[in-house]
Amino acid sequence: MTTVLILGATSEVALALADQLAAKSFNLILAARHAERLNPVKADLTIRFGVTVTVAEFDAAQVTTHADFYAQLSPKPDAAICVFGFLGDHEKAIQNWEECATILTSNFVGAVSILNIVANDFENRKAGVLVGVSSVAGERGRQSNYFYGSAKAGFTAYLSGLRNRLFKSSVHVVTVKPGFIRTRMIAGIPTPGLLTASADQVARKIIGAMQAKRNVIYIVPAWRWIMLVIRSIPESIFKRLRL
Ligand SMILES: NC(=O)c1ccc[n+]([C@@H]2O[C@H](COP(=O)([O-])OP(=O)(O)OC[C@H]3O[C@@H](n4cnc5c(N)ncnc54)[C@H](OP(=O)(O)O)[C@@H]3O)[C@@H](O)[C@H]2O)c1
């Protein structure tokens, strides 16, 4: 595994991943909207670690551009990490289809579109690692964020199916289910310190999971048990809770 494609490379988690992967001598393809913003990152990683860093324009919502985006990558990646996502404004999305559609596209449709293409290439090459950053929000719909949550639920199910399909082709798929991560996505939202991970911690866990071929990972272990409890609340009680 030498070249890693990071989709949504301006994300704080992605930047931590880029730093840690470059430190381990992986070459990188950093793909993002307005990719020129990543030129300073490219220069920094190239100088500090002597790796090859390519910057590429990529918009998850522009699904008709994804085939060309992937076709022009040379060399092709040996691993791809799908990091992009959009929390959006849930209250606004209840009234406004555009906001709702952006949440669904940024967390599900766009991810499926690009990973379909990468998965077919990895399947043909009979090698590769795919990583999808989903969320614990996908484990049960709650009134406060069920657009984002349902998109992440779809993404989690998609990754599970992909892992099942690609196992026989020696392509490994990792599903990442973070709880809170201290990034601009949740800036201003108070979260419990013990349940909130740093971007560096998320990146470390993702790289460890890729190398150890883990299937599904939580970042802060307590989330596995919290979600077990949340999933096991009977619907007749769950629907009455203010969550
Ligand atoms: N922060 C949390 O508490 C938390 C919890 C659970 C899961 N997650 C997931 O973790 C991942 C990383 O998020 P983060 O915390 O690092 O947040 P972040 O810094 O806000 O990163 C989100 C990234 O997604 C990119 N993005 C959004 N729409 C895109 C599109 N259409 N095309 C390309 N890129 C797009 C953004 O790009 P721009 O710079 O162009 O806007 C940004 O780089 C996301 O999938 C998120 O859903 C986060």
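In what order do the seven strands of the open sheet stand? The order is β3-β2-β1-β4-β5-β6-β9, and the pairing is parallel. The model is a predicted one, in which local features need pLDDT of at least 70, side-chain atom pairs count only at pLDDT 80 or more, and totals for chains, interfaces and linings use all residues. Residues are numbered from 1 along each chain as its sequence is written. Helices (H or I, at least four residues) and strands (E, at least two) are DSSP runs, numbered from the N terminus.

**The sheet as a whole**

- Strands β3 (53–57) and β9 (216–218) form the edges of the sheet, since each pairs on one side only; two strands pair if DSSP finds at least two bridges between them.
- From one strand to the next, the twist averages 15°. Angles run from 0 to 180 degrees between N-to-C directions, and axes are lines fitted to C-alpha atoms, for helices over the stretch in contact.

- Strand β1 (residues 3–7) pairs with β2 in the parallel sense over five bridges, and Leu7 stands opposite Ala31 in β2.
- On pairing with β4, β1 is again in the parallel sense, here over four bridges; Val4 stands opposite Ala79 in β4.
- The parallel pairing of β2 and β3 extends over five bridges, and Leu28 has Val53 in β3 as its bridge partner.
- Five of the six residues of β2 are buried, so that this strand is mostly covered. A residue is buried if 20 or more other C-beta atoms lie within 10 Å of its own, exposed if 12 or fewer, and partly exposed in between, with C-beta atoms placed from the backbone.
- A crossover is right-handed if, with the strands pointing away from the viewer, the path from the first strand over the helix to the second runs clockwise.

- Strands β4 and β5 are paired in the parallel sense through four bridges, where Ala80 stands opposite Leu130.
- Strand β6 runs parallel to β5 and is joined to it by five bridges; in β6, Val173 is the bridge partner of Leu130.
- A right-handed β-α-β unit is made by β5, α6 and β6.

- Helix α6 lies across β5 and β6, and runs at about 160° to β6.
- Helix α5 (residues 97–125) packs with helix α6 (residues 146–166) at an angle of about 10°, and their axes are 8 Å apart.
- The two helices, α5 and α6, are therefore roughly parallel to each other; angles under 35 degrees count as roughly parallel, over 145 as roughly antiparallel, 65 to 115 as roughly perpendicular and the rest as oblique.
- Among the residues of α5 in this contact are Cys100, Ile103, Leu104, Phe108, Leu115 and Phe122, while those of α6 include Phe147, Tyr148, Phe155, Tyr158, Leu162 and Leu166. Two residues are in contact if their C-beta atoms, placed from the backbone, lie within 7 Å.
- The residues of the contact of α5 with α6 comprise 16 nonpolar, two polar and two charged. Here Ala, Val, Leu, Ile, Met, Phe, Trp, Tyr, Cys and Pro count as nonpolar, Asp, Glu, Lys and Arg as charged, and the others, Gly among them, as polar.

**Backbone geometry in the loops**

- Ser74 and Pro75 are joined by a cis peptide bond, with omega about 5°; Pro75 lies in the loop between α3 (66–71) and β4 (79–82).
- His34, a residue other than glycine, has a positive phi near 50°. His34 is located in the loop between β2 (27–32) and α2 (39–49), and is exposed, with 9 other C-beta atoms within 10 Å.
- Ser170, in the loop between α6 and β6 (172–177), also has a positive phi, near 65°. Ser170 is exposed, with 12 other C-beta atoms within 10 Å.
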